[in-house]
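Good morning, colleagues. Please look at the sequence and the model on the screen while I go through the fold, the helix packing and a few individual residues.

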Amino acid sequence: MSVAPTEVQRPEGEDLVRLDTPWVTIVWNDPVNLMSYVTYVFRAYFGYSKEHATKLMMDVHQAGRAVVSNGSREEMERDVGAMHGYGLWATLQQDK
């Protein structure tokens, strides 16, 4: 007995999940944390240099947000949780 192939509809547009697209962690500006503390968190958690951490902190302060890491969804969930643990407002999203 042979089985005929089944035709499958492929999702289009927004329904299509791009598995090769990484996720990003975004840290948002808030009125609570000092700029020096945000820089400290980026250095302590991510291991960024003082210059890179300061640039990201300035992006958060001036633009209202900064992408601070990228990778798999699970990694970004971990990073968002860590940022929350430090008292920073952070979210994740699939990179475009």
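I shall begin with the basis of the values and then turn to the chain itself.

This is a predicted model, in which local features need pLDDT of at least 70, side-chain atom pairs count only at pLDDT 80 or more, and totals for chains, interfaces and linings use all residues. Residues are numbered from 1 along each chain as its sequence is written, and side-chain values use heavy atoms, with hydrogens and water left out.

The protein chain holds three helices and three strands; helices (H or I, at least four residues) and strands (E, at least two) are DSSP runs, numbered from the N terminus. Along the sequence, their pattern is β-α-α-β-α-β. Of the 96 residues in the protein chain, 29% are buried, where buried means under 20% relative accessible area, exposed over 50%, and partly exposed in between, with a 1.4 Å probe and protein chains only. Among contacts in the protein chain with a separation of 6 or more, 69% come from residues 24 or more positions apart; contact here means heavy atoms within 4.5 Å.

Next, the helix packing. Helix H1 (residues 35–46) and helix H2 (residues 50–63) pack with their axes 8 Å apart, at an angle of about 130 degrees. Axes are lines fitted to C-alpha atoms, for helices over the stretch in contact, and angles run from 0 to 180 degrees between N-to-C directions. H1 and H2 are therefore oblique to each other: angles under 35 degrees count as roughly parallel, over 145 as roughly antiparallel, 65 to 115 as roughly perpendicular, and the rest as oblique. The crossing of H1 and H2 is right-handed, and a crossing is so named if the near helix is turned clockwise from the far one by less than a right angle, or left-handed if anticlockwise. On the H1 side, the contact includes Met35, Val38 and Phe42, and on the H2 side it includes Ala53, Met57 and His61. By class, this contact of H1 with H2 has eight nonpolar, three polar and two charged residues. Ala, Val, Leu, Ile, Met, Phe, Trp, Tyr, Cys and Pro count as nonpolar, Asp, Glu, Lys and Arg as charged, and the others, Gly among them, as polar.

How do H1 and helix H3 (residues 73–85) cross, and at what angle? Their axes come within 11 Å and cross at roughly 135 degrees, which makes H1 oblique to H3. This crossing is right-handed. Val41, Phe42, Tyr45 and Phe46 of H1 meet Arg78, Asp79, Ala82 and Met83 of H3. The contact of H1 with H3 has six nonpolar, no polar and two charged residues.

Ser69 is buried, at a relative accessible area of 10%. The side chains of Ser69 and Asp79 are joined by a polar contact of 2.8 Å, that is, a pair of N or O atoms within 3.5 Å; within protein, one must be able to donate a hydrogen and the other to accept it, and residues adjacent in sequence count only if both atoms are side-chain atoms. Leaving aside neighbours within four places in sequence, the contacts of Ser69 include Trp23, Phe46, Tyr48 and Met76.

Ser72, in the loop between S2 and H3, is partly exposed, with a relative accessible area of 30%. Its C-alpha atom is separated from that of Thr21 by 8.6 Å, although Ser72 and Thr21 are 51 residues apart along the chain. Lys96, in the segment after strand S3 (89–94), is exposed at 81% relative accessibility.
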